[in-house]
Amino acid sequence: MSRRGARPARSGRRPGERVGWPALLALALTASSLASLALPAVLATAVDRALTEGATAALAPLALALALLTAAEALAQYAGPRGTAGTAAALRAALVRHVLAGGPHAPARPATGDLLARLTAATAEAALAAQAVVHAAAQLLMALGAVTALWLLDPRLAAAFLITAPLGYLLLRRHLTRTTRRGTGYQEAQAAVAARLLDALAGVRTIAASGTVEQEIERVLEPVPELSAHGRALWDSQRRVAWSTGLLAPATQLVVLAVAGHALTRGTLTPGALVAALGYTALGLGGFGTAQSLLDLARARAGRARVRELLAVPPPPAGLRALPPGPGRLELRAVAVHREGTPLLDSIELTVPAGRCLAVVGSSGAGSSLLAAVAGGLLAPDRGVVLLDGVPLDEVRPADLSAAVAHAFADPALTGSTLLDALRTGTPRPSAGRARAAAVTAEADGFIRRLPAGYGTALAEAPLSGGQRQRVGLARALAREGRLLVLDDATSSLDPGTEARVLRSLAAGDARRTRVVVTHRAAVAARADTVAWLDRGRLRACAPHHELWERPAYRALFHAGPGPETATESATGADTESAADTETEGDADAGEGGGRSAPPAAS
């Protein structure tokens, strides 16, 4: 379970944002409904008075009702989208906070494309809920008021209306269930396409080099037929609703008009009342307008389900204990990490004395990076405990842990507007002078100063190579005050000479820090005080590099076959390292007597 910076997700809204918009929408729609219900009665009075007293006497009440209706509708048209936008923004902020609170190793996290689909499409759909509910309630209440008004005019008018109208509501209920199911399937298929497309874009160079562009296009577009099927089903559901209500509405109006006309001929209904009856019939049929609101609600339910699926996974609890001052002694006691029942790390026992350097080596998949994440508090073990100066990391406050431990990675993500901002990322924020000094140690100062604006160069305008990005990431870690430094293959893209100078400067300038260094290079391991050798998640051996070098299987970690292994530096500190390590082909750990070369020397 990921740990660093975990905290409960908050709503993410700024003061005043989203507050009261659904209530304001409800108020506006209530006023609009009352004005709409009053309008047929006012119109009826105006018609009857126009027939007896002239048209001028009836204009004032009619104008007032129309003005109230216009103002209420204008307010509703503003409050609805404004509230929906605010809700979507708050949902997205909460989702981002929740995902980041889970840390970099959250076990149940969906693919990146799926996350983006939930963050964009699903939240937008979920945000429709409040507006859809308020609109549907207002439309249904107005329809109920219209039927009541018809009853007050003549009970036979209400009875005529109720002959056909219920059929429409039954159809709406049936299509609502179908739309909810199809909406969920549509969003899932959309997320699948997004996830595959992001994977393809991340590996676009590999795809181009391997000549598999067509195959990759087919893979990305594979979910499109399912997406299309769900989309067609959604449109078909909406078409059926529109078609059904489109037939029922005129039929209902004709039945009510026939009854009203009969009452008019018998003298039980005035011409104004006939006009009012037609108006109330139209308002009653407005209840069919709930079709769109209910369809929006169905989409919102589907989006909310996908958002809640992520929010339902609780973030790891944040520690509450202050980390007291200490030299940086690191201990891992019976540490184990499992995924779906498979042990990725198993019963790891390690102690790194304060100020010492531990190199972590192993073949691909051995768990080296996972061990670095556990040691630095980015991942809480499923079993066992990690102690920093005697304090369990999972009990330490996130701010204290962030201040005590610095990380550098093989592929660092650089954030901020300029290179100097990228170097000063972290809590607490290092000074500009310390950031520049760290860049010198990481061999990054030279190429940064050659950029057009030096340290002030915008990140987007800084064409950094992989090795340069690594050095900036390493400098960012070195700029942080802290007692523990975790380097996860953080010099893998550097040439041997640059790497040697960086490591020499690091050893000289940061000897007080405890260091955990994940590496696949013998020269780096040779500089460490102790090497932890991982094999399929278990600690195979823990000893100095020169002792482990006696084992052929250990040497095989650094070069697959016979050949030189450069690991020594010239006395002048030039950019070359020379020492030949050769290994007899076919060596294995079982044959300790196999041919071996001298261990790499660290200058």
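This is a predicted model: local features need pLDDT of at least 70, side-chain atom pairs count only at pLDDT 80 or more; totals for chains, interfaces and linings use all residues.
Me: Why is Arg 118 called buried?
Reply: Its relative accessibility is 4%. Buried means under 20%. So Arg 118 counts as buried.

Me: Where does Arg 118 lie, and which residues does Arg 118 touch?
Reply: Arg 118 belongs to helix α3, residues 112-126. Leaving out residues up to four places away in sequence, Arg 118 touches Leu 95, Pro 110, Thr 123, Arg 306, Val 307, Glu 309 and Leu 310.

Me: What makes the pair Glu 309 and Arg 118 a salt bridge?
Reply: The closest N and O atoms are 3.2 Å apart. The cut-off is 4 Å, between a side-chain nitrogen of Lys or Arg and a carboxyl oxygen of Asp or Glu. The pair therefore qualifies as a salt bridge. Glu 309 sits in helix α10 (residues 290-311) and Arg 118 in helix α3, so the bridge ties together parts 191 residues apart in sequence.

Me: How do you know that the side chains of Arg 118 and Glu 309 also make a polar contact?
Reply: The contact is 3.2 Å. A polar contact needs N or O atoms within 3.5 Å. A polar atom of the Arg 118 side chain also lies 2.8 Å from the backbone oxygen of Arg 306.

Me: What makes Arg 219 and Glu 216 a salt bridge, and where do they lie?
Reply: Their side chains meet at 2.5 Å, N to O. The limit is 4 Å, so the pair is a salt bridge. Both residues lie in helix α7 (residues 213-221), three residues apart, about one turn of the helix.

Me: How many salt bridges does the structure hold?
Reply: The structure holds 21 salt bridges. Arg 329, Glu 331 and Arg 333 are linked in a network of them.

Me: Which residues touch the most other members of the largest nonpolar core?
Reply: They are Leu 419, Leu 423, Ile 448, Val 472, Leu 487 and Tyr 554, in a core of 49 residues. Helix α16 (residues 466-478) gives the largest share, five residues. Contacts of Leu 423 beyond four places in sequence include Ile 448, Tyr 455 and Val 472. A second, separate core of 34 residues includes Val 337, Leu 350, Leu 401 and Val 516.

Me: What makes β4 and β5 a strand pair?
Reply: Two bridges join them. Pairing takes at least two bridges, so β4 and β5 pair. They run antiparallel. Leu 388 has Val 391, in β5, as its bridge partner.

Me: Why are β2 and β5 called edge strands?
Reply: The open sheet has four strands in the order β2-β1-β4-β5, with antiparallel pairing. β2 and β5 (391-392) each pair on one side only.

Terms used. Residues are numbered from 1 along each chain as its sequence is written. Side-chain values use heavy atoms; hydrogens and water are left out. Buried means under 20% relative accessible area, exposed over 50%, partly exposed in between (1.4 Å probe, protein chains only). A polar contact is a pair of N or O atoms within 3.5 Å; within protein, one must be able to donate a hydrogen and the other to accept it, and residues adjacent in sequence count only if both atoms are side-chain atoms. Contact means heavy atoms within 4.5 Å. A nonpolar core is a set of buried Ala, Val, Leu, Ile, Met, Phe, Trp, Tyr and Cys residues joined through side-chain atoms within 4.5 Å.
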